Amino acid sequence: MMNKSGAMNKSGATNRTGRSTIGTTLIAGAIVAGSIMMPQTALAAEGETNHADTGSQATLSRSITTAGDAQKLAGVPAAQQKADAAAATLQQARQALDKAKAERQKTAQALRDEQQRHDAAKRRLDAAQEAQRKAQENYDKSSDPQAKEQAQKAVDDAAAAVKAAKDKLSRAQAAVDEARQQAENAATRLAAAQAAQAQAQADRDKAQKAVDDAQKALGIPEGLTKELDAAKQAQAQAKQRQQQAGAKEQAANKEVASKQTASDKAAAAATAAKQDADAKKQDADTAAERQKQGAPGFFKSLGLDSAVAVYSDSKVAGKSWMKLGEASSATSLDNMVKAGAVMKETNDIRKSIGLKELGYNAEIAAWAQVIADYNAFDGGFGHDFVPSPGSQNLAWGYDDPLDGWYYEEKKIWDSGNHDYMETGHYQNIINPNSTAIGNAVASGTGIIRVDSQNFSFRLNADMTVDEYNTKLAAYISSLKNAGSIYQTAKKKADEAAATAKTAADELAKAKTAAAAATKERESADNALAAADKRLAAAQKAYDDAVAANADKSEALKQAQQALADAQAALAKTTQALDAAQQSADAAAKTLSDKQKTAEQSEAAVKQAQQRYDQAVAAQQALDPETAKAALDKANAELKDAEDAYRQAETALADRKSADDAAKAALDKAQRDYDAASKAKADADRVLADAKAAAARLEAAAKGGTTLGTDKSATKSDTKKQAANGRGLARTGADATLPLSVMAIAALAGAGCVFVRVHDRRERSRA
């Protein structure tokens with residue numbers, strides 16, 4: 001029964017002192033049947049009762065005699081067992097994960113290898129398909145005389161090219177031999193010139209020594225001799241400077257001339273480019289109008305005035321049925337293209353039966369346009385405006401009028417019916433007396449196509465039909481692309497103007513440099529004049545001193561003459577050496593150039609031979625038996641390649657499936673490992689908690705202290721354990737019983753649920 005204080009004991013009485021004397025009787029009364037849940041956690045849930053209980057302490061001291069008892073009470077063995085099991089599970093999961101990783105690496109590598117084999121099989125298949133296509137093409141051509149004729153021509157042309165290349169190589173090799181001989185001869189001459197120059201230098205040095213000795217014997221003052229030598233040296237240097245300055249001036253003037261030519265050329269090109277751009281701009285501005293003009297604009301652009309005059313003829317101008325330039329009119333550019341195709345087909349027919357091709361005449365073509373519009377736009381029906389002399393064909397509703405004009409009537413002709421009323425169109429086409437042709441087509445929305453074809457027996461052609469088609473296509477393109485053509489021309493004009501400016505700038509720089517060179521040369525001229533004057537004075541002083549010793553001057557004069565002769569000889573040999581060096585250099589360059597030409601000729605021979613071999617192979621491939629054998633081989637190789645590719649496709653799919661399975665297994669192994677890692681961490685944490693509880697039990701039993709003296713700590717622990725579900729609250733009881741009582745109850749071997757035990761004094765304060 002419950003008393004007013006809220007505490008309950010077995011007898012129903014309360015202790016007046018307000019302290020709970022917990023003993024064996026209280027323990028027995030508080031125990032109910034069951035099993036203790038997570039005792040190690042429950043032991044840690046002490047918190048509300050924080051008074052020391054000396055009776056419980058004594059009981060605890062008697063119950064815990066070893067560390068093992070405390071560990072058992074705290075549930076350490078069970079926790080250890082679970083931690084060990086978790087570790088073993090984690091180890092197995094790790095091994096399984098490592099195995100799955102290794103297997104995935106294996107399947108991934110196998111997949112990559114298989115992909116490479118698959119790619120190789122695909123390349124083989126592509127090559128086999130191309131080879132089969134080529135073999136089929138050769139087989140088809142093997143029965144075509146024209147293809148064989150073309151192949152033979154290709155072989156003949158290639159053979160001629162090989163012969164020409166070999167002839168050129170032979171000439172190039174002969175030129176190399178000749179150049180090599182000339183280079184060797186030049187080298188020999190150079191060596192001789194070098195030896196002669198060396199000997200002349202030695203002779204000059206000897207003559208100079210003789211002059212020096214004669215001067216000493218003559219007794220001429222040393223100062224005069226030194227001044228003369230210095231004046232000679234100064235004069236030589238001034239002359240050299242003057243020569244160099246003159247050469248520089250000459251080169252500068254040459255550069256001016258070159259830059260002047262380049263500038264003039266660039267200026268002319270810029271002017272021409274601007275004029276072209278201006279014309280293209282005018283074309284662009286008038287392109288839309290000329291597009292609308294149709295045939296008159298085209299004929300006018302070619303200067304075909306007789307054709308242009310047709311549209312102003314009194315029988316044509318102002319007629320409502322003449323739809324000049326309109327889309328459906330025969331004068332539209334698009335319909336003129338259609339007319340060109342019919343003329344080309346007509347010429348192909350004439351050529352196939354041995355007749356000459358007819359040229360295009362713009363005037364009869366213009367009249368063909370008139371009769372086409374006349375019939376298409378209700379001007380009338382039937383023939384009119386026929387060339388004289390000449391003939392005319394008309395057709396209505398044909399996609400290709402030659403189907404009616406030629407092929408249908410040819411059947412009638414071939415049947416023996418040569419009546420002009422039945423086969424007149426056919427006869428007009430094959431008439432050998434025709435000299436020119438002009439077609440027209442009126443075609444468009446809302447009208448039946450009308451084709452007209454004029455033949456002249458007198459007029460000459462303005463151009464071939466192929467030229468007409470080419471020029472018409474270019475004209476149409478120029479109209480459609482007039483804007484871009486103008487922009488291109490403008491860009492070229494701008495570039496040409498920039499080039500001209502650059503050239504003009506370079507010319508100005510060259511002129512400036514030339515003026516500076518002239519100034520430098522003039523300065524060198526003045527310096528040379530001063531040096532000459534100094535030398536003349538020194539020479540006079542020297543000569544006067546020599547004259548004063550006339551009896552000894554003869555030997556000096558002879559020595560000086562010998563020196564002058566030696567110096568002249570040295571100058572001559574030096575000049576010869578320079579010429580020999582230039583000749584040797586030129587010969588060496590010629591040899592190098594000839595060798596390069598020979599190498600190029602040799603490469604050309606190899607290329608020509610390769611083309612010849614290819615032409616021969618292509619010709620041989622057109623042999624029926626060879627072509628059939630090659631086709632059979634290509635078909636067999638294609639089948640093998642297709643089979644191999646299908647096998648590669650299957651193998652690749654299998655490897656892909658195996659890799660997917662390995663990836664799935666790896667993912668599962670990773671999940672199992674992660675779960676085992678978490679379980680291991682949880683088990684280690686529980687074990688650590690149990691060991692900590694055991695340590696507190698053992699310390700409490702030995703040290704005589706209560707187990708829950710830190711209120712803040714035990715309350716915090718209680719909250720944490722309640723939060724993660726490991727507290728005693730999981731059984732439905734309140735985890736506030738002192739740890740000492742729980743421990744004793746655990747020693748009794750019974751599972752239990754504890755009720756609150758409060759101090760009466762604390763309860764009354766509530």
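Helices (H or I, at least four residues) and strands (E, at least two) are DSSP runs, numbered from the N terminus. This is a predicted model, in which local features need pLDDT of at least 70, side-chain atom pairs count only at pLDDT 80 or more, and totals for chains, interfaces and linings use all residues. Residues are numbered from 1 along each chain as its sequence is written, and side-chain values use heavy atoms, with hydrogens and water left out. The points below cover a pocket, a sheet, a loop and a pair of helices.

**Second largest pocket**

- The largest share of the lining of the second largest pocket, five residues, comes from α6.
- At least two lining residues each are supplied by α6 (145-218), α7 (222-293), α15 (482-547) and α16 (550-621).
- The lining has 14 residues, and R204, Q208, K232, L563 and Q567 lie nearest the centre of the pocket.
- A pocket here is an open set of points on a 1 Å grid over the protein atoms alone, where a 1.4 Å probe fits, with protein on both sides within 12 Å along at least five of seven lines; lining residues have an atom within 4 Å of a point.

**Sheet and the helix packed on it**

- Four strands form an open sheet in the order β1-β3-β4-β2, with mixed pairing; two strands pair if DSSP finds at least two bridges between them.
- At the edges are β1 (359-360) and β2 (390-396), each pairing on one side only.
- Seven bridges join β2 and β4 (residues 450-456) in the antiparallel sense.
- G390 has S456 in β4 as its bridge partner.

**Loop between α11 and β2**

- P389 lies in the loop between α11 and β2, and the peptide bond from S388 to P389 is cis, with omega near -10°.
- F385 is found in the loop between α11 and β2; its phi is near 55°, a positive value in a residue other than glycine.

**Helices α12 and α13**

- The axes of α12 (residues 402-414) and α13 (residues 420-429) come within 8 Å and cross at roughly 110°. Axes are lines fitted to C-alpha atoms, for helices over the stretch in contact, and angles run from 0 to 180 degrees between N-to-C directions.
- α12 and α13 are therefore roughly perpendicular to each other, a term used for angles of 65 to 115 degrees.

Definitions and conventions. Parallel < 35°, antiparallel > 145°, perpendicular 65-115°, else oblique.
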